[in-house]
Structures are given as structure tokens and as C-alpha cells.
Amino acid sequence: MSKPRLATVWLDGCSGCHMSFLDMDEALIPLFEKIDLVYSPLVDAKIFPENVDIALVEGAVSSEEDLHKIQMIRDRTKTLVSFGDCAVTANVPAMRNPFTLQSVYDRAYRETATLEPQTPSEVVPRLLPYARPVHEVVSVDVYIPGCPPSADVIYYAVTELLEGRQPELSSKTRFGA
Ligand code: SF4
């Protein structure tokens with residue numbers, strides 16, 4: 001019988017949620033015996049595949065590339081998990097939201113540049129006007145708050161989902177640390 005297909009995705013986040021995923025340490029071994037990790041920054045897959053059972057999505061939706069990606073991921077995923085505070089509330093990426101896009105670009109690429117200040121028009125994905133939590137863009141099935149969520153919480157949530165249960169997280173995690 002084929003194993004459940006798990007993916008992890010990195011949108012606009014610092015990768016701290018993925019670091020916490022790796023902090024499961026030896027618990028990763030029995031977990032990976034139960035699942036196929038079909039897409040993740042932790043493996044080499046370049047294209048998000050069809051028929052993913054569970055996708056953990058780290059980070060806010062901040063750029064046109066994020067938007068395209070999360071819509072495609074939603075279409076291809078049974079259970080989409082908002083993974084960490086940046087995905088759940090937009091958190092750190094939303095700190096730019098009170099400012100205009102132009103002032104954000106100017107700050108990043110002109111005011112603080114030491115050589116040839118210029119705003120990139122190629123390669124760097126265009127920002128959306130605001131960084132958004134994932135659920136404002138696509139439907140979300142499970143929320144795991146935390147910055148980052150602890151390894152124990154991630155393990156609990158994923159194993160509950162693999163057992164076909166909705167993880168009860170209200171007493172196990174909170175926003176922030
Ligand atoms: S929730 Fe915290 S640890 Fe996770 S990506 Fe955002 S800032 Fe990083």
C-alpha cells in the first residue's frame with residue numbers, strides 16, 4: 001500500500017519553522033517510515049506534485065510567486081496546514097504592510113545600497129501590496145501557531161493527521177514562542 005504523501009513549503013518565512021521540523025531529530029525516522037516526503041526545501045523535488053495528502057506551509061503570501069504557488073498547492077493538496085505564525089497571521093512579513101510598496105523597495109534597494117542603487121525588475125518576484133496570511137488567499141484545513149511551533153507540536157499534529165484525526169492544538173501551542 002502506498003504511503004501518505006507529505007509536502008512542506010517555504011513561502012515568505014525565515015525557515016525557522018522548517019528548522020523546528022528538523023528538530024524532531026530521531027522522531028523523524030519513524031515518521032519518514034510512515035510517509036513519503038514528496039516535496040520540501042529538505043529534498044530535491046523542484047515541482048510540487050499532484051495528489052499530496054498533507055502540505056505544511058511556512059510563511060506568508062507576499063509575492064506574485066507565493067500567490068501562484070499557494071493556489072497551485074491548494075489545488076493539489078487534500079489537507080493544507082498553515083504552519084507557524086507567519087502562515088497563520090502573516091507575522092513578521094506583515095511588518096511592511098503599513099508602508100507603501102515603493103517605500104519598501106526604496107528602503108531595501110536604494111537607501112541602504114552602497115553600490116549602484118536600483119530596484120530589480122527581473123529575477124526577484126514582485127511583491128504583492130500586502131503580506132497576507134495563507135487563509136486570506138486559499139482555504140486552510142489546520143492551523144499550527146508558534147514562532148516557530150515546537151518540534152513536539154509538529155510531530156503531534158502530523159501524526160494525528162496521519163491517523164485521520166484533527167489535531168487538538170489549543171492547549172499545546174500559542175502565538176509567538
Ligand atoms: S513563524 Fe517565526 S520561525 Fe516560522 S517562518 Fe515566521 S518568523 Fe520564522
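Buried means under 20% relative accessible area, exposed means over 50%, and partly exposed lies in between. The model is predicted.

Q: Is R74 buried or exposed, and at what relative accessibility?
A: The cut-off for buried is under 20% relative accessible area. R74 falls under that cut-off, so R74 counts as buried, at a relative accessibility of 15%.

Q: Which residue meets the side chain of R74 in a salt bridge?
A: The N to O distance of the pair is 3.0 Å. R74 lies in helix α3 (residues 64-76), and the partner sits in the loop between β6 (127-132) and β7 (142-144), so the bridge ties together parts 67 residues apart in sequence. The partner is D141.

Q: How many residues apart in sequence are the parts that D53 and K78 tie together?
A: D53 and K78 form a salt bridge, with the closest N and O atoms 2.9 Å apart. D53 lies in strand β3 and K78 in strand β5 (residues 77-83), so the parts tied together are apart in sequence by 25 residues.

Q: What is the distance between the closest N and O atoms of R165 and E160?
A: E160 counts as buried at 14% relative accessibility, whereas R165 counts as partly exposed at 43%. The two form a salt bridge, and their closest N and O atoms are apart by 2.9 Å.

Q: How many salt bridges does a search of the whole structure find?
A: Side chains of opposite charge can pair when their charged atoms come close. The search of the whole structure gives a total of 9.

Q: With which side chain does the side chain of H18 make a polar contact?
A: H18 is found in helix α1. H18 is buried, with a relative accessible area of 3%. The contact is 2.8 Å, and the partner is E58.

Q: Which elements give two or more residues to the shell around the ligand?
A: The residues around the ligand include G16, C17, D85 and C86. The shell divides into 5 nonpolar, 4 polar and 2 charged residues. The elements asked for are α1 (16-22) and α4 (85-89).

Q: What is the area of the nonpolar surface patch made by M19, L22, L42 and V43?
A: L42 sits in the loop between β2 (36-39) and β3 (52-58). At 32% relative accessibility, L42 counts as partly exposed. With M19, L22 and V43, L42 makes a patch of about 290 Å².

Note on methods
Residues numbered from 1 in each chain as written. Predicted model: local features only at pLDDT ≥ 70, side-chain atom pairs only at ≥ 80, totals over all residues. Heavy atoms only, no water. Near = heavy atom within 4 Å. Helix = DSSP H or I, 4+ residues; strand = E, 2+ residues; numbered from the N terminus. Nonpolar A, V, L, I, M, F, W, Y, C, P; charged D, E, K, R; others polar. Patch = residues over 30% accessible without salt bridge, like charges linked within 9 Å, V, L, I, M, F, W, Y side chains within 5 Å. Areas by Shrake-Rupley, 256 points an atom, 1.4 Å probe, with all protein chains shown as cover. Salt bridge = Lys/Arg side-chain N within 4 Å of Asp/Glu carboxyl O. Buried < 20%, exposed > 50% of the residue type's maximum accessible area, 1.4 Å probe, protein only. Polar contact = N/O pair within 3.5 Å; in protein donor to acceptor, adjacent residues only side chain to side chain.
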